Structure formats: structure tokens, C-alpha cells
Amino acid sequence: MTRPRRTTTDDSTARTTRRSFLAGLGGLGLGGLGPTAGRASAATDARNTGTRPGDGPFGDGDDLEAFVDDVMAERIGTTTPGATVAVVSGETPVLTKGYGVADVDAGEPVRADETVFRVGSVGKLVTYTAVMQGVERGVLDLDADVNAYLDDSTVTVPAAFEDPVTLRHLGTHTAGFESQIDPEIVADPAGLDPLEAVLADQRPARVRPPGELVGYSNYGAALAGHVVAEAHDTTFEEYVRSEILDPLGMSHSAFAQPVPDGQPGHLAAPHARAGGSFTTADDVYINLWPAGSLSATATDMAAFMSAHLGGGAVGDARILDAPTVETMHSRHHVRHPAVTNWRYGFHEHGDPAADLVGHSGGTVSFTSYLLLAPAHDAGIFVAYNSNPAELPEVVVDEIVAEYGLQAAPTAPTPTSRPGGRERAATVAGEYSLTALPRSGPLQAVDRLEHLTVEPGADGRLRTTTLGGDAREWVETDPYVYEAVDGHDALAFEVTDGEVDALNVNSEPTGVYRPVPFRERQAVTGGVLGATVAGLSLSLAGRGGHGAWRRWRRSHTDGGADAEGEE
């Protein structure tokens, strides 16, 4: 019997299709399959010890397993061919379990302790943990010019503004680099270059003063990893292996590409949607290694989450001191008090008051999400071996809602301050996200992702995207608007009647800026076809053409039934 489940309406569902496209381009932070579809593999490992009834927020581990089984049964074979899940309560893995198949051709089931998934940008959390180890030892300083650590490197960050780029900027994506959503994806491992060479050759322009605005940067994360390596006179992969992965017993995890011969476990095959089923896809490789090349099992990620929840330690293994973890988990950059902000490497998730932190991950054919609820001593990790229209974050949010890790959304209360219609008229316009490129062949992504804001009735706002996503917002404080359908919020920064920035709660990876008239969708619509064609050619050369095709289909054929849904 299928147990009744709480149904939720959340901003992650509304925005997941757009996020899936970005994930398919490189990890910002998916038919029937025969008899194994929709059925969980029985395999777990020794970490799946369960809990006593009443322990932590999840209570009885059997009840949690039954709930997650139901959630995943709805998705295996339709959203993704395979998935892996880890849920921890403190240092105890309450659930580590595989679902569906690791490879549709071989029919091999996913095993939580053996099947390795590429986790994309979730690996950035390991990179920034390595930075904090250096800070703890006095080898690194979050507020020093990163060039101070690059004396023996061919990589430099040129002076462009009065203030230098620091490790704090890199960990909050506020360095001001021009966004490059492609982390140098290559289709052949022979095309992988040394990290130092890639960073020296592919350095993006500095387009904003550091510390000013969030603009998600794969380059910045990779640069942080390189700084770690330079400060310790080793390679990034060797450092992470000796100082994080090995101490935590994460023996199935690696940043190395391809996964080394002799590495324990088996890498899940990447998959693409083909009509009503899934086919295996060609793997891709990430040249900006620290930004997205980590592969790991669910049990390994359980150990990593437990270390962060346990003040830097799991059992006798310690990777950080407790005060350092507290520093890493504190806020390091505030976009706006009413929306999600940045800790160090982690961004806030859902209701900003809930103290949830996490990170998404994705490559062309893998997607993942990691969430920590420190107040509840809980962690959740979900990964797919596909890149669908509904992302793993939705599963995470269902677990969060079922177990009360954040308060359920309530109907927004309109502000009593007069002038709502005038404020709505002030903020009306078209906006572009700083996390997206403004030049080069991928600039079409920016134009396709423009957000249009229009005044509604009684001072409300309506937002729409080129893909047709429409939402309604209620003003709860001057220039702050809450969604009528979840935890999402808009917070405008206005000076002398002009909008400087729009912060969206569900988009922590960037800030929206007003779009000049010449770049607006209504004006550029006639040339978008040529731009999209150029985008497709560019992505084809990087192994991402399928991701673009899947995203376009999902916006024109009804989303959930579209090819390549997440």
C-alpha cells in the first residue's frame, strides 16, 4: 500500500525547468526501463544503521524509508532511470539507498555504497571546505588578495578595480568575474588540461567591483581550488584526497577524471531522454576540476554531510575544528535581508528564516542537490544519472516539508504602507541575471532567461519569462514581494526612483539587473533565432547540445512530458 504523502507547492517546482537548463550547461548548482523501473535496489552499506524512534527529526528510519520509497517510485523510469539518496541525522545515516538502474543497457541496479554519481557543483562544497582548512591552519586568509598565493603560478588576477579579489569573494561568488556557465566541458578526457593552464588561458574579465553583487562563477571556484594547491605545494586532487576524502572514509569519491583504475565502486552511466525512454549518453569531463568534477556515492556524501553537522568531525575523523565550521556556515555576503544569502560556499535555501543551506550540482547528464538543516542536525543528498526538467531539489523539498525542516508557506500579508501601485510601476521592466554570460556564444542564454516584471492589481506584481513561466507576488514591505505559491520572494533595491537590483529568493546564484531597452526581448526577438543557432553550435562543441535541445523541448511541449526532463 502506498502511504499518504503531504503535497507541497514550492518555488523549486516553478523554477526547476530553468535551473535544469543551467545545470545541463555545467553545474550551476531525465520510458520504461523494464522490470527494474521504479523499484529500489536492496543494497545499502554499513553506514545505514538506522535510528531509534524519536531520534532526530526523522524519527523511525523505517518510516523515512517508506516515505522516500514512495517519492522515488513516482520518478524512477519517468524522471530519471536511476537515483541515489542519503539522509543523515547527525553522524548517523538514517537512509542510504539506491533506486532504479545505474545503466539502462546493463540493467545494473543503483547501490548506495557502490554506485558513483557525478555530483557537479556539489563538489564546490568540498573545495571550499579545503579553503577553510587553510584558513584554520593560518596558511590562507579569506580577506587577502588571492595574488598573494600565486607567486609561483602562471595564474594572476589583474587589477581592474580599487579592491582586490579575495577568497571570501570566491566563496560567495562576488569576485565580479564575467559569468561563464560552461566550466570548460570537453567530450574526450584527452582534452583535459592541467588546472593551472586552464585558469591562466581562460581567465574571464573582471566586470564588477568585488564584493558588490553575486554572479555565480565556476572560474572563481576553480581558482579557489588552485589557491589551496599552491598554498600547500601539491595538486588540488592530491590535497583533497589526503585531507578530506581519506580522513572521512570517502574511498569511492574522486575529483580525478576519468575515475582512476582501481577506484572502488562503479560509475553510473549518464543518460539522455529519447522519446519515452532513456538511452545512455556520452560522458563529459570538466576542465575546471574544483568547480565540478567530483564523483561520489551516497554513503560518501553522507559522511561529508555528517562532518559538517558534527562540528567538522565524524567519530574519530576530524577535517575542521568546530569554530571553523561555525565560521563557514555563517553569512559572508548579504544580497538583501529578505532573501536567501551566501554562507561560505553554501547558499541559503527556501525560507531565509529556516537556516537551511545547500548547493545544487549538474553536468550535461547528471544532477544532484545537497541540503543541510543545522538546527535539526539533518542532511539530505539526492542525485540522478540524468538531467531532467524536474531536478533532485524537488525531492529534497518534499523531504523537508514532510519532516518539518522549515515552516510551511503561508499566504503573504499585504503591506499597509500606501503607494503600492506607484512602487509596482517603478519596478516594472525587464531584468537580466548576473549569473549568466553577457558576451560570447552563450550570451543567448542570458537573453532567453530575461525576467519581465509587470504591475498587477492592487499593487501586486506579475513576473513572466520567455518560456512562459508566470507568477504573482504580493507586496509585504515596500519593494519586497512574496509569492502567492510558496517561500519565494522578490526584493528590489531602489535609489531615487530607479531600480539598481532585483534579488530573487529562489535564485541565490545571482542578482537581476535592469535590461537596457535595446537588449529587451521585445526588441531582440527577431534576432533570437540566429543567436540560438550560434548557441547550439557552441554547445555541440562542448557536449551540451542535447541539454539545449531538451530545455527547448521542455518549454514548447509541456514540460513534464518533454524530452530530457529533469
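How many salt bridges does the count come to by the distance rule? With a salt bridge taken as a side-chain nitrogen of Lys or Arg within 4 Å of a carboxyl oxygen of Asp or Glu, the count comes to 18. The structure is a predicted model, in which local features need pLDDT of at least 70 and side-chain atom pairs count only at pLDDT 80 or more, while totals for chains, interfaces and linings use all residues. Residues are numbered from 1 along each chain as its sequence is written, and side-chain values use heavy atoms, with hydrogens and water left out.

One of these salt bridges joins Arg 75 to Glu 390, with the closest N and O atoms 2.5 Å apart. The pair links distant parts of the chain, 315 residues apart: Arg 75 lies in the loop between α2 (61-73) and β1 (82-89), and Glu 390 in the loop between β16 (378-384) and α11 (392-402). Helices (H or I, at least four residues) and strands (E, at least two) are DSSP runs, numbered from the N terminus. Relative accessible area was classed as buried under 20%, exposed over 50% and partly exposed in between (1.4 Å probe, protein chains only). Arg 75 is buried at 4%, whereas Glu 390 is partly exposed at 22%. Both residues belong to a network of salt bridges that also includes Glu 74 and Glu 398.

A salt bridge is also formed by Asp 355 and Arg 343, whose closest N and O atoms are 3.1 Å apart. Asp 355 is located in the loop between β13 (347-348) and β14 (357-362) and Arg 343 in the loop between α10 (322-329) and β13, so the pair ties together parts twelve residues apart in sequence. Asp 355 is partly exposed, at 26%, and Arg 343 is buried, at 9%.

The side chains of Arg 460 and Glu 472 meet in a salt bridge of 3.0 Å, N to O. Here Arg 460 occupies the loop between β18 (451-455) and β19 (461-465), and Glu 472 strand β20 (residues 470-477), twelve residues apart. Arg 460 is partly exposed at 31%, as is Glu 472 at 36%.

Helix packing was examined for α3 (residues 124-136) and α7 (residues 236-245), which pack at an angle of about 75° with their axes 11 Å apart. Axes are lines fitted to C-alpha atoms, for helices over the stretch in contact, and angles run from 0 to 180 degrees between N-to-C directions. The two helices are therefore roughly perpendicular (65 to 115 degrees; under 35 counts as roughly parallel, over 145 as roughly antiparallel and the rest as oblique). In the contact (heavy atoms within 4.5 Å), Val 126, Thr 127, Thr 129, Ala 130 and Gln 133 of α3 meet Phe 236, Tyr 239, Val 240, Glu 243 and Ile 244 of α7.
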